[in-house]
Amino acid sequence: MLLPTDEVPRAGAVLNPFVIVDDAAGFLEFVTSVFEVSETVEARTPMPDGSLIHAEARVGDVDLMVADRREGWPARPALLQVWVRDVAEVLARAEARGAEVVTPPTHFYGETTLGRMLDPWGTVWWLYAPAPGRPDPEWGSEVFTTLDKAMRALGTKK
């Protein structure tokens, strides 16, 4: 059913996220700065009013696509998972750019470190880094409580 990965144009991924936010250019700047990735310049498609109907940043082998919310459109931020080398460093870079740390670097399943952040556009990012030799967390740990708190708070925002 799915197109084989080696047949996806531009060596892209089979599944690529697309978010619709206010200030897509700002969101793209946040992503490229925090993760030290580049915008796919040829994909940038501005509308006559200067807003973006399409833009992309290549994050690993995935194209993260973004557009400005148009009048009558709801914002559609996302829940995104990214593997990084250093969760604490990425969280610090993001926090310096207006993100809120949801979960500080925490032991997670499968010998990994997990951190979460909420960016100024409402996207919750799961950041993972390998952490060999670390035990799995117990139910009710910070891994679960911080996410529950953040998601409940998002549910109260209009």
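A residue is counted as buried when its relative accessible area is under 20%. By that criterion, 42% of the 158 residues of the chain are buried in this predicted model. The chain exposes about 9,300 Å², of which carbon and sulfur atoms supply 56%.

The chain contains three helices and eight strands. Read from the N terminus, these elements follow the order β-α-β-β-β-β-α-β-β-β-α. The radius of gyration is 17 Å, close to the 15 Å that the globule rule gives for 158 residues, so the chain is as compact as a globular protein of that length. The C-alpha trace spans about 50 × 40 × 35 Å along its principal axes. Of the contacts between residues at least 6 apart in sequence, 57% join residues at least 24 apart.

The largest nonpolar core comprises 30 residues. The members that touch the most other members are Phe 27, Phe 30, Val 31, Phe 35, Met 117, Trp 125 and Leu 127. Two or more residues are given to this core by each of the strands S1 (18–21), S3 (52–59), S4 (62–68), S5 (79–83) and S8 (124–130), and by the helices H1 (24–35) and H2 (87–95). Helix H1 provides the largest share, with seven residues. A second, separate core holds nine residues, among them Val 102, Trp 126, Tyr 128 and Val 143.

H1 has twelve residues and reaches 16 Å from its first C-alpha to its last, close to the 16 Å expected at 1.5 Å a residue. The helix is mostly covered, ten of its twelve residues being buried. These buried residues are Ala 24, Gly 26, Phe 27, Leu 28, Phe 30, Val 31, Thr 32, Ser 33, Val 34 and Phe 35. In an α-helix there are 3.6 residues a turn, so residues three or four places apart point the same way. Val 31 is in contact with Glu 36, Val 37, Ala 57, Val 59, Leu 64 and Trp 125, when its neighbours within four places in sequence are left aside.

Beyond its neighbours within four places in sequence, Ala 67 is in contact with Phe 18, Val 19, Ile 20, Val 21, Ala 24, Leu 52, Ile 53 and His 54.

Asp 63 also lies in S4. At 7% relative accessibility, Asp 63 likewise counts as buried, because this value is under 20%. The side chain of Asp 63 makes a polar contact of 3.1 Å with the side chain of Arg 58. Not counting residues up to four places away in sequence, Asp 63 touches Arg 10, Asn 16, Pro 17, Glu 56, Ala 57 and Arg 58.

Conventions:
Residues numbered from 1 in each chain as written. Predicted model: local features only at pLDDT ≥ 70, side-chain atom pairs only at ≥ 80, totals over all residues. Heavy atoms only, no water. Core = buried A, V, L, I, M, F, W, Y, C linked by side-chain atoms within 4.5 Å. Buried < 20%, exposed > 50% of the residue type's maximum accessible area, 1.4 Å probe, protein only. Helix = DSSP H or I, 4+ residues; strand = E, 2+ residues; numbered from the N terminus. Contact = heavy atoms within 4.5 Å. Polar contact = N/O pair within 3.5 Å; in protein donor to acceptor, adjacent residues only side chain to side chain. Expected span 1.5 Å × (residues − 1). Rg over C-alpha atoms; globule rule 2.2 N^0.38 Å. Areas by Shrake-Rupley, 256 points an atom, 1.4 Å probe, with all protein chains shown as cover.
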